[in-house]
Structure formats: C-alpha cells, structure tokens
Amino acid sequence: MKLLMKEWKLCMHPTGYIMLLCAALVLVPGYPYTVSCFYMGLAIYFICLTARENHDASYTLTLPVSRGDAVKARILFCTVLEILDLLLIGLMILLKNAIGNMPNPAGLDAGLALIGEGMIAFALFNMIFFPLYYRDINKPGKAFAFAAGAMFLWIIMEIAATYTVPFFQALDTPDPQNLSDKGLFTLAGLALFAGGTAKSVQMSTKRFEEEDLSL
C-alpha cells in the first residue's frame with residue numbers, strides 16, 4: 001500500500017487524470033470507442049517517462065523493498081487506472097443508452113461487449129508494454145510503440161469483424177440483445193486481462209532483476 005501511495009504521489013502524470021475523461025468519447029457518434037483505452041495507455045507511458053526523468057527506480061531501490069516489489073507496485077498502480085477507465089466507460093455506456101444509443105459504424109456499439117473489448121485491449125497493452133519497459137526502463141518509448149501498435153491492430157480487427165464475423169455481429173447490437181454472448185465475451189476479456197497482467201508482472205520482474213541500473 002505504501003508503494004502504491006509512492007507511485008501516486010511521485011509518478012502520477014496529469015495525463016492520467018485527463019485520459020480518464022476520454023471515457024466520455026463513448027458519447028461521440030460514429031467513434032471507435034476502444035480508442036479511449038489507447039489514451040489511458042498513453043497516460044501510462046507518460047507515467048513511466050516521468051519516473052525515468054525523476055530517477056524513480058534509483059530512489060525506490062534505496063527503500064527496503066525488492067525489485068519485484070517495485071515492479072508489482074507500478075503495474076498494480078497502472079492497472080487500477082485501467083480499471084477506473086473501464087468503470088467510467090461503463091457509466092458512459094449507461095448514460096448513452098439512457099439518452100438514446102445510436103448504432104456505431106466504427107466498431108462495437110456502446111454496450112456490455114465494449115467492456116470486454118476494452119479488457120482485451122488493456123491485456124494486450126500490459127503483456128507487451130511492461131515486459132519491454134522493464135527490459136530497459138530508460139526506453140519507455142520503444143515499449144509503448146509496440147504496445148500501442150498491438151492495441152490499434154486489435155481495434156482495426158474488431159471493427160472489421162463487426163462487418164464480417166457473425167459472432168462479432170451478434171455482439172454489435174444494442175443491449176439487451178444477445179446478452180449471453182456478450183456476457184461470455186466480457187468474461188473471456190476479464191480472464192485475459194487478469195491472466196495477462198499477472199503474466200506481465202512475472203515477466204517484468206524477471207527482466208528488471210536482470211537489468212543493470214548502473215549504466
């Protein structure tokens with residue numbers, strides 16, 4: 001808990017708060033809603049960039065904590081931001097349905113399946129960004145480029161799938177239509193998000209323990 005407070009007080013970048021507001025993009029007609037998850041990934045990049053500029057790793061390791069503890073705190077902190085982003089997207093979905101939800105030509109409609117899609121996007125980001133970042137914490141931009149590329153590839157594939165794949169066409173309907181399919185998809189996204197993030201912690205810890213911070 002203390003390390004999490006340290007992350008929030010010393011590493012939190014203003015974009016972390018700003019990008020949470022991007023959940024409101026769900027209210028924009030004809031917008032690829034999962035892009036709002038990309039903006040949170042961008043905020044996480046800025047958090048890690050700020051940590052580099054402030055020599056956060058050197059400071060953290062002067063504390064009575066292991067490198068593994070430092071990795072877990074950073075990834076957990078960023079995961080909390082991702083979950084908050086998904087919760088806000090959920091609130092925007094409820095609001096959009098309350099005021100009149102029009103079909104979205106650029107991907108999934110605002111509904112339950114969109115939460116599952118966001119979880120998959122964040123799972124891809126976490127599994128790629130953090131292991132690459134902790135291979136060399138001085139190069140967060142390289143890690144972000146690969147992770148962002150994977151997120152956008154997923155978004156493009158999902159948009160195309162809503163026009164070509166029957167299962168995604170069933171997901172791309174107003175709630176409560178096809179709610180069982182949407183629920184299974186969202187649960188699968190949750191499993192991937194939880195399992196992928198846990199694997200990311202494991203891989204990142206191993207790589208950070210091998211990194212020479214004296215360079």
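Reader: What is the length of the polar contact that joins the side chains of Glu 82 and Asn 126?
Author: This is a predicted model, in which local features need pLDDT of at least 70 and side-chain atom pairs count only at pLDDT 80 or more, whereas totals for chains, interfaces and linings use all residues. Residues are numbered from 1 along each chain as its sequence is written, and side-chain values use heavy atoms, with hydrogens and water left out. A polar contact is a pair of N or O atoms within 3.5 Å; within protein, one must be able to donate a hydrogen and the other to accept it, and residues adjacent in sequence count only if both atoms are side-chain atoms. For the side chains of Glu 82 and Asn 126, the polar contact is 2.9 Å.

Reader: Which side chain of opposite charge is nearest to Glu 82?
Author: Glu 82 is found in helix H5, where helices (H or I, at least four residues) and strands (E, at least two) are DSSP runs, numbered from the N terminus. Glu 82 is buried yet has no salt bridge; buried means under 20% relative accessible area, exposed over 50% and partly exposed in between (1.4 Å probe, protein chains only), and a salt bridge is a side-chain nitrogen of Lys or Arg within 4 Å of a carboxyl oxygen of Asp or Glu. With Lys and Arg counted as positive and Asp and Glu as negative, but His and the chain ends not counted, the nearest side chain of opposite charge to Glu 82, at 12 Å, is that of Arg 74.

Reader: How many residues apart are Asp 56 and Lys 6?
Author: Asp 56 forms a salt bridge with Lys 6, and their closest N and O atoms are 3.0 Å apart. The pair links distant parts of the chain, Asp 56 in helix H4 and Lys 6 in helix H1, and the separation is 50 residues.

Reader: What is the relative accessible area of Glu 7, the salt-bridge partner of Arg 74?
Author: In the salt bridge of Arg 74 with Glu 7, the closest N and O atoms are 2.5 Å apart. The pair links distant parts of the chain, with Arg 74 in helix H5 and Glu 7 in helix H1, 67 residues apart. Arg 74 is buried, with a relative accessible area of 3%, and Glu 7 is also buried, at 2%.

Reader: Which residues do salt bridges that share partners join into one network?
Author: Arg 74 also meets Asp 56 in a salt bridge (3.0 Å, N to O). Through shared partners, the salt bridges join into one network Lys 6, Glu 7, Asp 56 and Arg 74.
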